[in-house]
Amino acid sequence: MTTPTNCDAVRIEPDASLTHNVQPLLHEIRHALAQLVESGSTSSIDLRSIPLAPGEEERLLAELGEGEIHAQLSALGPSEIIETRFPGVWLVTHYNAQDEIIGRFVDVCEIPQIMMAQTDDIRDGLEQLASQLEAGLTG
Amino acid sequence: MSNDKTLGEALRRQGVSRRGFLKFCAATASLMALPPSMIPRIAEALEQARRPSVIWLSFQECTGCTESLTRSHSPTVEGLIFDTISLDYHHTLQAASGSAAEAAREKAMEENYGGYILVVDGSIPTLNPGYSTIAGISNEAMLRDTAKGAAAIVSVGSCAAFGGIPHAKPNPTGAVAVSDLIQDKPIINVPGCPPIPVVITGVLAHYLTFGTIPELDALGRPKAFYGQSIHDRCYRRPFYDKGQFAETFDDEGARKGWCLYKLGCKGPTTYNACATTKWNEGTSFPIEAGHPCLGCSEPEFWDGGGFYKAISTPTEDISRAAVYAVGAGAAAGVALGALNRARKARAEKAHEKVTIDDLEKDA
């Protein structure tokens with residue numbers, strides 16, 4: 001069976017200047033950041049809830065850029081936590097085990113909640129370390 | 001996993017860390033179309049959520065709804081929700097067959113009487129029970145029997161919600177929707193042909209999380225997913241506002257991604273989550289691929305006029321559905337300011353059809 005390689009599909013190339021979600025989103029992020037500075041209150045924007053046109057997400061991410069922190073998290077599939085070039089503005093992307101995006105958020109905060117060690121996990125870790133010491137060091 | 005274990009305990013037993021749980025909650029909030037500020041509440045509620053029993057009945061349907069659901073490869077969210085619910089009867093997916101399958105349904109009903117969720121896909125024939133039976137039981141009898149002990153019913157797909165294609169003229173089987181037969185139970189309609197998979201799981205997740213049915217619109221659809229029209233959330237909306245329309249499928253407008261209104265797009269009268277949630281893991285949706293919305297999540301989807309006729313043009317068949325489509329189309333136009341208010345009022349008074357030419361003049 002051969003696969004057609006040169007079909008006459010109609011290419012859709014939308015006019016970027018008319019589908020404008022990027023600028024309002026950046027303004028929203030600016031307001032959120034100002035709030036963080038003034039009152040310490042944090043914000044989170046679910047990018048999946050916004051009707052983005054083709055290419056808009058890429059343009060938004062390009063505007064936000066990459067800053068000093070790029071963290072990987074492995075819990076129920078990978079997650080990527082990037083501080084953008086604007087300190088306090090984070091891009092948190094959750095993937096499933098097939099590397100498909102299942103959630104993408106712009107978090108405006110000092111550090112995303114999911115980066116912090118969680119009390120339950122710390123307790124579990126403490127128990128584990130204690131029993132490891134009791135059993136004798138493996139090395 | 002026993003039914004009395006909470007979701008928090010079950011996940012912890014599977015070795016999922018608290019961080020993993022928070023990630024699950026974030027994805028679930030996004031899935032349920034809830035704002036991220038709700039994540040802590042969702043975490044709190046899910047931690048305590050108990051595993052509900054689900055009985056899934058398939059009547060006059062094409063299995064497209066089940067396909068849609070099982071083709072969603074997001075094991076970390078939908079999969080976990082399905083691990084969390086107890087799917088006790090689904091004749092396409094279950095291993096048991098024949099009398100063993102029916103016994104599973106009866107056992108689940110007995111053990112969870114008054115507490116299980118009944119999911120239905122497909123419409124129910126009323127003219128002759130022989131059109132569709134399962135294990136010799138007519139669809140109507142099985143629905144009435146299983147509905148009795150259900151806490152709530154979820155009608156998945158346009159067939160179960162509104163009758164769908166079996167209900168289309170001339171409706172040879174006398175097909176009706178679940179809500180035409182059952183009136184004494186809360187019914188959540190999740191229409192679409194098929195519905196977006198995450199919308200199906202989102203509704204189940206809502207029930208799982210909060211133990212209540214979500215807020216519904218006049219047609220029984222959850223507002224979180226069906227609260228806004230495709231048109232209102234469409235990224236091509238600025239083209240509509242500027243009066244830039246594709247006239248054919250390969251003209252300049254089509255290539256530039258202009259509005260598909262004139263090609264019959266049902267976006268203004270269709271309420272669904274396609275424009276934001278999209279399909280195939282958020283890849284695209286019909287309008288993004290250059291095809292008008294067919295309005296598959298609306299009643300009278302098949303009988304509402306031609307798929308490629310603009311919604312405000314008269315259809316040959318002036319049925320209730322056509323009048324509904326015209327009225328809603330006109331209302332959407334006014335909301336946009338694209339239609340002259342006085343003209344619309346005059347048109348409504350005189351029951352005059354609004355044509356594309358009228359819309360263009362005012363745009």
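**Exercise 1: a sheet in chain B**

Work out the strand order of the open five-stranded sheet in chain B, and find which strands stand at its edges.

*Solution.* Keep in mind that you're looking at a predicted model.

Step 1. Read across the sheet: the order is S2-S1-S3-S7-S9, and the pairing is parallel.

Step 2. Look for strands with a single partner. Those are S2 (86-90) and S9 (187-190) of chain B, so each of them has one side left without a neighbour in the sheet.

Step 3. Ignoring direction, neighbouring strands here are turned by 20 degrees against each other on average.

Step 4. Zoom in on one pair. Strands S3 (residues 116-121) and S7 (residues 150-156) of chain B run parallel and are joined by six bridges. Across from Ile117(B) you'll find Ala152(B) in S7(B).

**Exercise 2: two sides of a helix**

Sort out which residues of helix H3 (residues 39-48) of chain B are buried, and explain why they end up on the same side.

*Solution.* 

Step 1. List the buried ones: Ile39(B), Ile42(B), Ala43(B) and Leu46(B).

Step 2. Look down the axis. These residues span an arc of only 100 degrees, so they sit on the same side of H3(B).

Step 3. Bring in a bit of helix geometry. With 3.6 residues a turn, an α-helix has residues three or four places apart pointing the same way.

Step 4. Ask what does the covering. Helix H1 (7-13), helix H2 (18-31) and helix H11 (197-210) of chain B are among the elements over the buried residues of H3(B).

**Exercise 3: rings that pair up**

Classify the aromatic pair of Phe245(B) and Tyr261(B), then do likewise for Phe301(B) and Phe307(B).

*Solution.* 

Step 1. Start with the total: the whole structure has nine aromatic pairs over all chains.

Step 2. Take Phe245(B) and Tyr261(B). Their centres are 6.0 Å apart and the planes make 50 degrees, which is a tilted pair.

Step 3. Phe245(B) is in the loop between helix H13 (237-241) and helix H14 (252-255), while Tyr261(B) is in the loop between H14 and helix H15 (274-277) of chain B, and the two are 16 residues apart.

Step 4. Check burial, where the cut-off is under 20% relative accessible area. Phe245(B) has 11%, so it's buried, and Tyr261(B), at 4%, is buried too.

Step 5. Now the other pair. For Phe301(B) and Phe307(B) the centres are 5.6 Å apart and the planes are at 25 degrees, so this pair is stacked. Phe301(B) is buried at 10%, but Phe307(B) is partly exposed at 23%.

Step 6. Look for a cluster: ring pairs link Tyr240(B), Phe245(B) and Tyr261(B) into one.

Technical notes:
Residues numbered from 1 in each chain as written. Chains lettered and ligands numbered in written order. Predicted model: local features only at pLDDT ≥ 70, side-chain atom pairs only at ≥ 80, totals over all residues. Heavy atoms only, no water. Pairing = 2+ DSSP bridges. Helix = DSSP H or I, 4+ residues; strand = E, 2+ residues; numbered from the N terminus. Axes fitted to C-alpha atoms, helices over the stretch in contact; angles between N-to-C directions. Buried < 20%, exposed > 50% of the residue type's maximum accessible area, 1.4 Å probe, protein only. Arc of directions from axis to C-beta. Contact = heavy atoms within 4.5 Å. Phe/Tyr/Trp six-rings, centres within 6.5 Å; stacked < 30°, edge-to-face > 60°.
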